[in-house]
Amino acid sequence: MKNRVHITSLYGLGGIAGVAQKRVVEAAKQLGFNELAIFKYDDLTDSPSELSKRIDGIIAGLEIGDTVIFQSPVWISPNFEKRFIDKVKAYQGKVIIFINDVPPMMFASNEVLMPDFIEVYNKADLLIVSSENMKEYLVDKGVTVKKIIIQNLWDIPVEFEKTSETKYLSKISFAGSDKKFGISEKLKSSDIKVEIYDNRPDNKVIPNNIHYSGYVDEISLLSRLHEGGFGLAWTENMYWREYMKYNASYKVSTYLRAGIPIVAHKSISCANLIEKNNWGILVDTLEEAVEVINNMSEEEYQKYIDSVSKVSFLLGNNWFTKKLLVDSIYKL
C-alpha cells in the first residue's frame, strides 16, 4: 500500500494566521493529502497521559511509513509540538515542519522559548521556512536540519471583481493597524494620498491626505486595491521591522494578488524577489517612497503592473503553495 501524506490544520485560531493555515491545507487536499485537525486549547490542563491520548486521537488514521507535514506554531505550547512530533515519528515515517511563524521572534515576552522551538524544529526531516534570512537565522540559533525549503510568498486563492484597469495614482494603500505600524504619523505631512484600511481613530486631527476606510472583507479589499496606486508593506516600529526581515508577509501577497506594485523597506525578507521581478519600490524611508512615486511616469507604472499581473495569477491559483509542498515531498 502506498504511503500517504498528511498535513495538520489548526481550528479555533482566528486572524491571518488561521486563514493561512487553512489555505495551505486546501492546496494540500488538491494534491491528495489528508488533513489532521488540531483544535487550539490550553494544554496546561492536560496530564501527560491525557495529552498522549489526545494526540493519539488526532493521528489515529496514520499508518507505518506515512509522511506528516506539521504546521507550526499550533499556538498551544512547544511541549504539545514536541510530543505530537515524537508520536508521529513512532510510525517510522517522515516529518516536515512548515514554520508559519516563530513566536519567540514575534514577541519579546516569548524570547525565552527559542530553545524549545529549536528543539521542535530539529525533530524534523525537512523544514519549510519563510525566507533565506529566516533559514540563516534559525541555523545560527541551533537548527541542524539539513533539508530546508524556502517559502517566500503566501498564496491568496481568492477571486475578486475587477471593475477597471489598474492605473497610476499618487496614492499609497495600507491594509493593517495604523496604531501598531505607525503609518499615518509618518505620512501626514506628505503630498500623497494615503488610504488606510483601519478604523478612524477617535480624538485625533486627521490631515486631508489621510483617509481611513475601516476594515473591509478580503474580496472588497482586493477589488479596491486593484484600482491603482501602491500597496505598502511597512512599519515604523523597529521591533516589527526586524521581524519583517525574516517572515513571509501576507500584506505583500495581498497587494500582488490585487495587481498593484509594492512599497517596502529594503530589508524586507522578499526584497530580492521584488527587485528581480520588478514588483515594486524598495526604499529606506517613506519620504523617499513618496518622492519616487510622485516622480514616476505612467509608462514606468505600467511596467510594474505588467510584472505584477503575472504573479497575481499564480497567487490566485495556489501555485506557490502547491509547488512548495510537492518540492518538499520530492526532497525527502
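Predicted model: local features only at pLDDT ≥ 70, side-chain atom pairs only at ≥ 80, totals over all residues.
Visitor: Why is Tyr-243 called buried?

Guide: Its relative accessible area is 4%, and buried means under 20%, so Tyr-243 qualifies. You'll find Tyr-243 in helix α10, residues 238-244.

Visitor: What makes the pair Tyr-243 and Asp-101 a polar contact?

Guide: Their side chains come to 2.6 Å, and the cut-off for a pair of N or O atoms is within 3.5 Å. One atom must also be able to donate a hydrogen and the other to accept it. The pair is therefore listed as a polar contact.

Visitor: Which other residues does Tyr-243 touch, leaving aside neighbours within four places in sequence?

Guide: Besides Asp-101, there are Val-102, Met-105, Met-106 and Met-134. Asp-101 and Val-102 turn up again around Tyr-121, whose contacts also include Ile-97, Leu-127 and Val-145.

Visitor: What makes the set around Tyr-121 a nonpolar core?

Guide: The name is for buried residues of kinds such as Phe, Ile, Leu and Tyr, joined through side-chain atoms within 4.5 Å. The largest such core here has 113 residues, and Tyr-121 is among those with the most contacts inside it, along with Phe-80, Phe-84, Ile-97, Leu-127 and Ile-268. Helix α14, residues 298-316, gives the largest share, 6 residues.

Visitor: How do you know that β4 and β5 pair?

Guide: Pairing takes at least two bridges, and 3 bridges join β4 (residues 95-99) to β5 (residues 126-129), so they count as paired. The two strands run parallel, and Phe-98 stands opposite Ile-128 in β5.

Visitor: Why are β2 and β6 called edge strands?

Guide: The open sheet has 6 strands in the order β2-β1-β3-β4-β5-β6, with parallel pairing. β2 (34-39) and β6 (148-150) each pair on one side only. On average, neighbouring strands of this sheet are turned by 20° against each other, direction ignored. Helix α6, residues 132-141, lies across β4, β5 and β6 and runs at about 150° to β6.

Visitor: And what makes the crossing of α1 and α15 right-handed?

Guide: The near helix has to be turned clockwise from the far one, by less than a right angle. Helices α1 (residues 15-30) and α15 (residues 319-331) pack at about 65°, with axes 9 Å apart, and their crossing is right-handed. Where they meet, α1 brings Val-24, Ala-27, Ala-28 and Gln-30, while α15 brings Thr-321, Lys-322 and Leu-325.

Note on methods. Residues numbered from 1 in each chain as written. Heavy atoms only, no water. Buried < 20%, exposed > 50% of the residue type's maximum accessible area, 1.4 Å probe, protein only. Helix = DSSP H or I, 4+ residues; strand = E, 2+ residues; numbered from the N terminus. Contact = heavy atoms within 4.5 Å. Axes fitted to C-alpha atoms, helices over the stretch in contact; angles between N-to-C directions.
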